Amino acid sequence: MNFPVLSVITFTPMVAAAIMLLMPADKKNETRGVALASATFALLLSFWVYFSYDTAAAGYQFVEKYNWLPALGISLHFGVDGMSTPLVLLTGVVMFTGVLISWGDDDKHVMAGIQDRPREFFAFLFILASGVFGVFVSLDLFMLFFFYEIAVFPMYLLIAIWGWVQTREYAAMKLTLYLFIGSVVSLVGALVMYWTNFQNTGVLTFDMTVLENAGFSQTFQYIWFLPVFLGFAVLGGIWPFHNWSPDGHVAAPTAVSMFHAGVLMKLGAFAALRVGIMLLPEGAKQWSWLIMIFAGVAVVYGAYIAFVQKDLKYMIGFSSVSHMGLVMLGFSTLNEAGLTGAGVQMFSHGVMTALFFAITGMIYDRSHTRQIPELGGMSRIMPFAAIGFIIGGLVSMGMPGFSGFVAEFPIFMGVWGAQWMVAVIASISIVITAAYIMRNIRQVFFAKMPEKLEGHITDVTMLDKVAIVTLCGFMIVIGLYPRFMVPLVSTGVENILRLLGGA
Amino acid sequence: MFNSTTFLAILPEILILVVAMLILVAEPFWKAEQRRNVGWLTAGGLFAVMIISLLFGRPGDPITVLGGMVRFDWLGFFFKMLFLFAGAATSLLLMDNDRVGHRGEAYLLLLASLLGMDLMAASADLVMLYLAIETTSIPLYILSGFMLADEHSTEAGFKYLLFGAMSSAVMLYGFSLLFGFAGTTNIYELKTVLAAGPNTLVMVLGIIFLLLVGLGFKVSVVPFHFWAPDVYQGAPTPVAGFLSTASKAAGFAVLTRLFFVAFPGFSQSWTLIFAVIATVTMTVGNLLALPQTNVKRLLAYSSIAHAGYVMIGVVSFSVLGAASVVFYLAAYIVTNLLAFGIVMAVSRIIGSDDVKDYSGLSRRNPGLALMMLAAFLSLAGMPPFGGFVAKVFVFAAGVQAGYVWLVIVGILNSIIGVYYYLNVMKYVYLFRMPNEDEEKHPVPLTRPYTIALVILALGVILVGTLFAPWFSWSDMAAMNLF
């Protein structure tokens, strides 16, 4: 038995959370130290997984399987494929940078980071991270739900306690209810799959590698695909169930927004892919037109709503809806190009949006406003943040040379192959995105700084810079050297295509 | 007739009696102000009973002993262990209750009712069953009205007595009809007689209805739930906690055994009745919990709702269904005792059960708030706590039995649940005390509370993560029914 790296990655944040909760409340810096140490540890391990994944061998790797409840066929079955490996890395990255961003130095007059009860904050954030890792690596349907719910509920507390005072209660409850409803709808679908498989084969198992080949009947898949897929896709921010997401982004504290948009939304998309498309491929074929419409609307509509926002965080929130729409659009093509693009887009968008939220948080902490017209001239004082935001903007627009291009181009290629009209319509979003990103960069970073902000703005901290560099690094590396990620994702796509019957 | 197996079958009951006698003897030797120490003795004694029974008293193949009165099987045994656990936790939680904790009688009454519950879980005969139910109920009537000077408590005791006596009388009528038709009071013989005899469906349904009145009262399902909120609110909180956990579980132990064993031939009819009851119970319980501002009343309605979820397992009428009922009750007992324990510990300091007064609790005692979070999230059905796994098992059983609609009702209801449980947590974590001076108002815990709450909190997590042992026990218990 090899080193059980996946379970170590998954449970590291959980253990760290338990340790932090047992520490005295006034040891704030020690708590932060534990948080950073365990986040670094998890990041290094996920790097290790990423680089030692054997693309030639493909399939599920680093597999661990422990019987958990044999009587019902529940096992702790971990393994990653080409789709989930980048997402594990993404979670590691966002977790690491999230801790840096929320370090919260008590001495400064800048109210950056988390100063109120950092112990509880990091503990809840890490429990959430554990859940996220767990979903990405679980090959057991029951455990997938287990970790999925673990990833959802700390969100309520994180937003309600440390969020933006004006909307946090409303947003936190809305988010929790949306996500909970979505997940339990999928749960019913999963239970039905479980029993149908039992009836057909006489094997009680939640193991997805078995259920993948269960051969559910056409009508069964036709009925249950939509509830399962859409139930998870709620968390992926699919239109028309995206409503919770911008509210949640805006109300959440910076690190939670990063997690939320960067990782949690991928969680929904990933689970929709893993459980919806991979277990019910025939259903996916039948309903792909509907998913394509939903996703197409999300792409254009999200971009347009982002365009008219005055609040910087709402703008990024809706741009996330738009970009996650591209992921779903990629899924709905069910062809190689589209799925590969969607896989890369999940990573690219995760890093990009984490960066956006991090920088927005830095700006808000210093200027105490997120209203775009009230901001200006930030590049003079915080050049690092400005450069970071511009790089993120270029990714968002899909500029060649950055990860956004590597992701979006195949998606559009795939959509063109499936339904060229949708590709034409969806590409409008690129123009709108470019417009609002450019406009914001001009206003926030280069316009004249308003009088009242003059003298109040300080540069970002060293930790912030480390976070920005880390996040930007990924976007540039993937953009310039797509082989960093694309071959890996394609191995995952091959498996999906095999399940789809070589379509 | 009385051999070693008989002795083993009622080993926990004998040992409970021993503990009770120890208390009677020891209590007068303590000075009045030290009399709360009886709680240590009770809890320790019950814990010892549990260990001894687990070591020596485990059942083998199910057998009926004592002239067909008592069944010695895993179903009864597992429930007995749960009751002993609940009893030990409750006696710890009783200790620092200002008005009950120093009264030795309270512990004795608790043990008496525990004895009744153990017999309820093991009864194989209607006569024994009725005796056991009354042995359970009468001490609980007294305990509910234990705080004589408090009119809420008196009302609670009296209300509980009236409702209890009434429904038990109706159930007794059902028993007598059953005996009249079948000519036997043994549950296991009833099955064969009912299957063979020329029984009309109407007659059996009538009897089932009469039985349901009594058992529905015990497990507090709608429409026999009216007593629950008032009694929970008025009774001393540890007693309310005990009522809503052990007493309810005992009711379900009887319900499953009676219906699964005696009426399998009529399952099509009674599962349908139960499905309707489950739907109404979940919905009414959750909807009425929504507007509550008193934590104890909120927990009362939530415990009604939980009875509805358990009913889904009963409706499934399968091995998995029964196993999920047992598992759910195990998870629920631990969780709800934790919730009530926290309410006790808090109200002892702040002198209120109002949700509003929980504001700032997370700053006044972070550890306590964290345990409360665990309890409420478990009630809401969130992992990694017991409530999640329990709900999934119950829902899985429901789907297996083809009751997808009932499972969907259950799921919609658990969404309502999430709302009001999180709403309480909002006060605990988000809101602050009026002057924001939480540091000056700590909520300290005494030792018995700390021990009981930490054990319960660990239990909630253990049930929710390492669920295999508990499930295999539940499964063994369920096998005994078929």
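**A walk through chains A and B**

Let's start with chain A: among its contacts between residues at least 6 apart in sequence, 80% join residues at least 24 apart. Here, two residues are in contact if their C-beta atoms, placed from the backbone, lie within 7 Å.

Some housekeeping before we go on. This is a predicted model, in which local features need pLDDT of at least 70 and side-chain atom pairs count only at pLDDT 80 or more, while totals for chains, interfaces and linings use all residues. Residues are numbered from 1 along each chain as its sequence is written, and chains are lettered from A and ligands numbered from 1 in the order in which they are written.

What is chain A built from? It has 19 helices and two strands; these are DSSP runs numbered from the N terminus, with helices being H or I of at least four residues and strands being E of at least two. Its radius of gyration is 21 Å, close to the 23 Å that the globule rule gives for 503 residues, so chain A is as compact as a globular protein of that length. (The radius is taken over C-alpha atoms, and the rule is 2.2 Å times the number of residues to the power 0.38.) Along its principal axes, the C-alpha trace of chain A spans about 70 × 55 × 40 Å.

Buried residues make up 61% of those 503 residues. A residue is buried if 20 or more other C-beta atoms lie within 10 Å of its own, exposed if 12 or fewer, and partly exposed in between, with C-beta atoms placed from the backbone.

Now for the strands. β1(A) and β2(A) pair in the antiparallel sense over six bridges; pairing takes at least two bridges found by DSSP. Strand β2 (residues 74-80) of chain A is mostly covered, with five of its seven residues buried.

Next, find helices α1 (residues 5-22) and α2 (residues 28-52) of chain A, whose axes come within 10 Å and cross at roughly 175 degrees. Axes are lines fitted to C-alpha atoms, for helices over the stretch in contact, and angles run from 0 to 180 degrees between N-to-C directions. α1(A) and α2(A) are therefore roughly antiparallel, given that angles under 35 degrees count as roughly parallel, over 145 as roughly antiparallel, 65 to 115 as roughly perpendicular and the rest as oblique. The residues of this contact divide into 14 nonpolar, four polar and no charged. Nonpolar means Ala, Val, Leu, Ile, Met, Phe, Trp, Tyr, Cys and Pro, charged means Asp, Glu, Lys and Arg, and the others, Gly among them, are polar.

Over in chain B, the axes of α4 (residues 74-95) and α20 (residues 468-479) come within 7 Å and cross at roughly 135 degrees. That makes α4(B) oblique to α20(B).

Finally, where do the chains meet? 24 residues of chain A are in contact with 28 residues of chain B. On the chain A side, the largest share, 11 residues, comes from α6(A). That side divides into 21 nonpolar residues, one polar and two charged.
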